Every structure is written in structure tokens, then in C-alpha cells.
Amino acid sequence: MKCVKCNGNAVINIRRANAAFCKEHFNEYFTEQTLKSIKQFRMFRKTDKIMVCVSGGKDSLVLWHVLHNLGCDVTGMYIDLGINGYSDRSKEKVTAFADKFGLKTIIVDLREKGYPIPFVARRAKREDCAVCGTIKRYYFNRAAYDGGFDVVATGHNLDDEASRLLANIMHWNDEYMDNTYPVLPAGGKMLKKKVKPLVRLTERETAAFAILNGIDYVMEECPMSKGATSLIFKEALSTIEDKMAGTEIFFYTKFLERVKDKDRSKTDSDEMKICQTCGMESFMDKCTFCRLVEKVK
């Protein structure tokens, strides 16, 4: 297998692109795909202050690495979810990565705050992933607002967004379709813009980039995600992609083409209130996060 750029020995074959690359040209391809998304969807300017949400996994660490190499002003934000063992190992990967490359980090420890995910989920009698999503979204935005960041970047990749789109279509969840768009606009005075620069790249490709560039990441899946329906849709898409290479990117990009002209500048900000408990903006008198954690006190 030869690199399509230099005819040297290839290290990866990307069937959907009908191309194989050596390490140098795979890194070039990976960076180009990331830049293409940033520019096409006007995610941010190079002078913007960017907060990257990092979990210790490959996608978020790779995104942090790529944006840093592009010269962006990036800070990693990690939330210790309070999952015994897994959270400890994840935090070690994040801090080691930040130390290695001399990067700034913000760490929120849910155990110190009294809200570890397993405890809150048990006391609130809600699904682990739902509780985790609510708490992470709150602290991502809170940290970005308090830190004066312009934009929040996440490591969601093509597999994540295509499988979520498929799940929403299968359940006819029209109201959630927009959440799979690569850019979620800012809202009100406190809700920060959110972007997903890796949406053109698959999980396999981010893993390859991490391994080839010596990025040490936590390989185990979150123990609380076992049985999550999102994994079923990912597996279904993977099966289709194995049989028909290119189907996944076609499915997702055709969706983006269909909704590209939708006006996303209008938000519900006029309807936003100030949460009576935490002081952040909310659509209700008390935000979702504060209503959740009240149940565990």
C-alpha cells in the first residue's frame, strides 16, 4: 500500500477517500480536513480565545493538539466526573498531555463540588448519561463564560454526528436535528458559541492521528455508557460503511447541505431569564442544572 502523495509506504488507508497516506501526508490530510470545517462553517477566527472540552479520550486530545499546532489560543477544560478509577485515569492523561505541550488547563472536580455523576444519577433516579450531559453542558458554558472565552470547541467526530443524526431521524426528533450541525450559535449574553472542528474525520482517523503523533489517551470507554443507544446507532452505521464506503460522509454532508440556509442567528435569547440560584441565563426561573442538583441535597 503506497501513499497517494509521495508513493512512500502508507500507514493508513481511507476507503471513503479512495486514498492511502504515509504519516507525513496523513497529518497534512487530517489538518486540512479540520481547517476546511473551521473555514466552511466560520467556527472562529485565529485571534479568538478558544476553550477545548477535553475528556482524556483521543478525539478531544487530538483536537487540542491540532488547534495548538495551528497557533490558536487554546485552553483545555476537563471535568472530573467522579467515576472511580475511570475519572482518575482520564485526568492523568489530560494533565500529562498539558504538561508535555505546556498548555493551559481548567479542571472542575465534581467530587469536590459534591456532584459526582454516579451519586447524582442514583439520587435523582435518572439515567447516568442524561445526568452527565446536563452537568457537563452547564460547567462547559459556565467555565467559558467565567473565563471570557469566545468559543467552546468539542471533539465530536463524523461518527458521533452521523450516528446522532440517524438516531434523531429514526425517532423523528425534528427538534434535535439542529444539534448535529457543526456550529451551535451563542445565545443571550452568557451562552457561548459551540463548534465541532473534527466533523469531517472518523473515530478511526482520530485514533490513527493520536497513535502516529504519540498522543497518549485513555482507551477504555466510560463504564457508565454500557448499553447506551448511541453505541447501537454507531455500530449500525459502521456496518453499512464496511459494505459501502463513503455512505456515512454522504449521509451527513447531504443533511448539512439541506439545512445550510437555515437562519441560526435568531435564538430564543429574548425569552431568557436569570437563574435564581446560580445567576446564569436560563429559559426558566431556575436552570436545569440547579433543578437537578437540588434533588440530591
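Is Lys58 buried or exposed? Lys58 counts as buried, because its relative accessibility is 16%; buried means under 20% relative accessible area, exposed over 50%, and partly exposed in between, with a 1.4 Å probe and protein chains only.

Before the next selection, note that this is a predicted model, in which local features need pLDDT of at least 70, side-chain atom pairs count only at pLDDT 80 or more, and totals for chains, interfaces and linings use all residues. Residues are numbered from 1 along each chain as its sequence is written, and side-chain values use heavy atoms, with hydrogens and water left out.

**Stop 1: Lys58 and its partners**

Lys58 and Asp59 form a salt bridge, with 4.0 Å between the closest N and O atoms; the term stands for a side-chain nitrogen of Lys or Arg within 4 Å of a carboxyl oxygen of Asp or Glu. Asp59 is buried too, at a relative accessible area of 13%. Now select Asp160, Glu203 and Lys234 as well: with Lys58 and Asp59, they are linked in a network of salt bridges. The structure holds 19 salt bridges.

**Stop 2: Asp80 and Arg111**

Select Asp80 and Arg111, a salt bridge whose closest N and O atoms are 3.0 Å apart. This pair links distant parts of the chain, 31 residues apart: Asp80 is in strand β4 (residues 73-80) and Arg111 in helix α4 (residues 110-113). Helices (H or I, at least four residues) and strands (E, at least two) are DSSP runs, numbered from the N terminus. Asp80 counts as buried at 0% relative accessibility, while Arg111, at 30%, counts as partly exposed.

**Stop 3: Glu205 and Arg16**

Next, select Glu205 and Arg16. Their salt bridge has its closest N and O atoms 2.7 Å apart. Glu205 lies in helix α8 (residues 203-212) and Arg16 in the loop between β1 (12-14) and β2 (19-21), 189 residues apart. Glu205 is buried, with a relative accessible area of 2%, and Arg16 is partly exposed, with 22%.

**Stop 4: Asn141**

Move to helix α6 (residues 128-146) and pick Asn141. Asn141 counts as buried, at 5% relative accessibility. Which residues does Asn141 touch, not counting residues up to four places away in sequence? They are Met190, Leu191, Lys192, Lys194 and Met280; contact means heavy atoms within 4.5 Å. The side chain of Asn141 also reaches the backbone nitrogen of Lys192, at 2.8 Å.

Terms used:
Polar contact = N/O pair within 3.5 Å; in protein donor to acceptor, adjacent residues only side chain to side chain.
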